[in-house]
Amino acid sequence: MELEERWNAYVVQHMESHMIMSDAVLPLLGAANGSLRQIYGLVKRLDTGQPRQDEGVGVLSGRMADLWERLTDLRDGMRRDLGVAARVEPPVAE
């Protein structure tokens, strides 16, 4: 039930974000939202024991990596929109 509550809270926040995001940032927000929706659907299917063919934890891991990329793009787009900075490169592991 907690997953459902958190998802519903996210949906409300996502809708509210459309009121303050610039037109330049909205496509990036949509891409991040799409990735998150895919993850949510997969988690729900895995949780109920009804995954689609070839869906499993490995697929979830790949979708999580895609989500992080989309979130990075969203963060960078928001920073550019605010005039704060260009793309922020992740730290290099030593």
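Predicted model: local features only at pLDDT ≥ 70, side-chain atom pairs only at ≥ 80, totals over all residues.

Biologist: What makes Trp7 buried or exposed?

Modeller: Buried means under 20% relative accessible area. Trp7 has 12%, so Trp7 is buried.

Biologist: And how do you know whether Tyr10 counts as buried or partly exposed?

Modeller: Partly exposed is the range between the 20% limit for buried and the 50% limit for exposed. Tyr10 comes out at 21% relative accessibility, so Tyr10 counts as partly exposed.

Biologist: Which aromatic pair does Trp7 form with Tyr40, and why is it called that?

Modeller: Planes under 30 degrees apart count as stacked. For Trp7 and Tyr40 the planes are 5 degrees apart, with 4.1 Å centre to centre, and the pair is stacked. This pair links distant parts of the chain, with Trp7 in helix H1 and Tyr40 in helix H2, 33 residues apart. Both of these residues, Trp7 and Tyr40, are buried.

Biologist: How many aromatic pairs turn up in the whole structure?

Modeller: A search of the whole structure finds two. Trp7 and Tyr10 form a pair too, at 5.2 Å centre to centre and with 40 degrees between the planes.

Biologist: Why is the pair of Trp7 and Tyr10 called tilted?

Modeller: Stacked needs planes under 30 degrees apart and edge-to-face needs over 60, so the rest count as tilted. The 40 degrees of Trp7 and Tyr10 make that pair tilted. Put together, Trp7, Tyr10 and Tyr40 form one aromatic cluster.

Biologist: Now for the helices themselves. What makes H1 and H2 roughly antiparallel?

Modeller: An angle over 145 degrees counts as roughly antiparallel. The axes of H1 (residues 2-17) and H2 (residues 26-47) cross at roughly 165 degrees and come within 12 Å. The two helices are therefore roughly antiparallel to each other. H1 passes H2 in a left-handed crossing.

Biologist: Which residues make the contact?

Modeller: From H1 there are Leu3, Glu4, Trp7, Tyr10, His14 and Ser17, and from H2 there are Leu29, Asn33, Leu36, Arg37, Tyr40, Val43 and Lys44. By type, they divide into seven nonpolar, three polar and three charged.

Biologist: What about Asn33, how do you know if Asn33 is buried or exposed?

Modeller: The limit for buried is under 20% again. Asn33 has 12% relative accessibility, so Asn33 counts as buried. Asn33 has its place in helix H2. Leaving aside neighbours within four places in sequence, Asn33 is in contact with Tyr10 and His14. Tyr10 and Asn33 are 23 residues apart in sequence, and their C-alpha atoms are 9.8 Å apart in space. Tyr10 touches Leu36 as well as Asn33, not counting residues up to four places away.

Biologist: And Arg45, what makes that residue buried or exposed?

Modeller: Under 20% is buried, and Arg45 is at 17% relative accessibility, so Arg45 counts as buried. Arg45 has its place in helix H2. Beyond its neighbours within four places in sequence, Arg45 is in contact with Gln50, Pro51, Arg52, Glu55 and Arg63. Take Arg45 and Glu55: 10 residues apart along the chain, they have C-alpha atoms separated by 9.0 Å.

Conventions:
Residues numbered from 1 in each chain as written. Heavy atoms only, no water. Axes fitted to C-alpha atoms, helices over the stretch in contact; angles between N-to-C directions. Helix = DSSP H or I, 4+ residues; strand = E, 2+ residues; numbered from the N terminus. Parallel < 35°, antiparallel > 145°, perpendicular 65-115°, else oblique. Left-handed = near helix turned anticlockwise from the far one by under 90°. Contact = heavy atoms within 4.5 Å. Nonpolar A, V, L, I, M, F, W, Y, C, P; charged D, E, K, R; others polar. Phe/Tyr/Trp six-rings, centres within 6.5 Å; stacked < 30°, edge-to-face > 60°. Buried < 20%, exposed > 50% of the residue type's maximum accessible area, 1.4 Å probe, protein only.
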